[in-house]
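Me: I have a structure open here and would like to go through it with you. Could we begin with the contacts between charged side chains?

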Amino acid sequence: MLTLLPIFVELCAAAAWINSEQFAEASPTREAAPLLELSPEVRAMLSQIQSKQQKLNDETAELGREIGAQQAGLKRISD
């Protein structure tokens, strides 16, 4: 039984490799739609998302600065 296990594993790997090649050949490549072709509503939503992401990035950076200041204060106290 143990001698058949490596052969079985190799056969499974070969079958998976063959299926992955067939899948890659069958799947069409999709290109992202250019920003200019998007509807005004979608562009507005994307703009809002980008604005919120920037706000979150700024808040995260501020929190990082506050944490750094607190750590520095704790280090001064412990020294």
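This is a predicted model: local features need pLDDT of at least 70, side-chain atom pairs count only at pLDDT 80 or more; totals for chains, interfaces and linings use all residues.

Me: Where do Glu62 and Arg65 lie?

Reply: Both residues belong to helix H2, which covers residues 40-78. They are three residues apart, about one turn of the helix.

Me: And is Glu62 buried, partly exposed or exposed?

Reply: Glu62 counts as partly exposed, because its relative accessibility is 34%, between the limits of 20% and 50%.

Me: How many salt bridges does the structure hold?

Reply: The structure holds two. Besides the pair in helix H2, Lys75 forms a salt bridge with Asp79, and the closest N and O atoms there are 3.5 Å apart.

Me: What about the exposure of Asp79?

Reply: Asp79 is exposed, at 68% relative accessibility.

Me: Changing topic: what is the secondary structure of the protein chain?

Reply: The protein chain has two helices and zero strands.

Me: What share of its residues count as buried?

Reply: Of the 79 residues in the protein chain, 1% are buried.

Definitions and conventions: Residues are numbered from 1 along each chain as its sequence is written. Side-chain values use heavy atoms; hydrogens and water are left out. Helices (H or I, at least four residues) and strands (E, at least two) are DSSP runs, numbered from the N terminus. Buried means under 20% relative accessible area, exposed over 50%, partly exposed in between (1.4 Å probe, protein chains only). A salt bridge is a side-chain nitrogen of Lys or Arg within 4 Å of a carboxyl oxygen of Asp or Glu.
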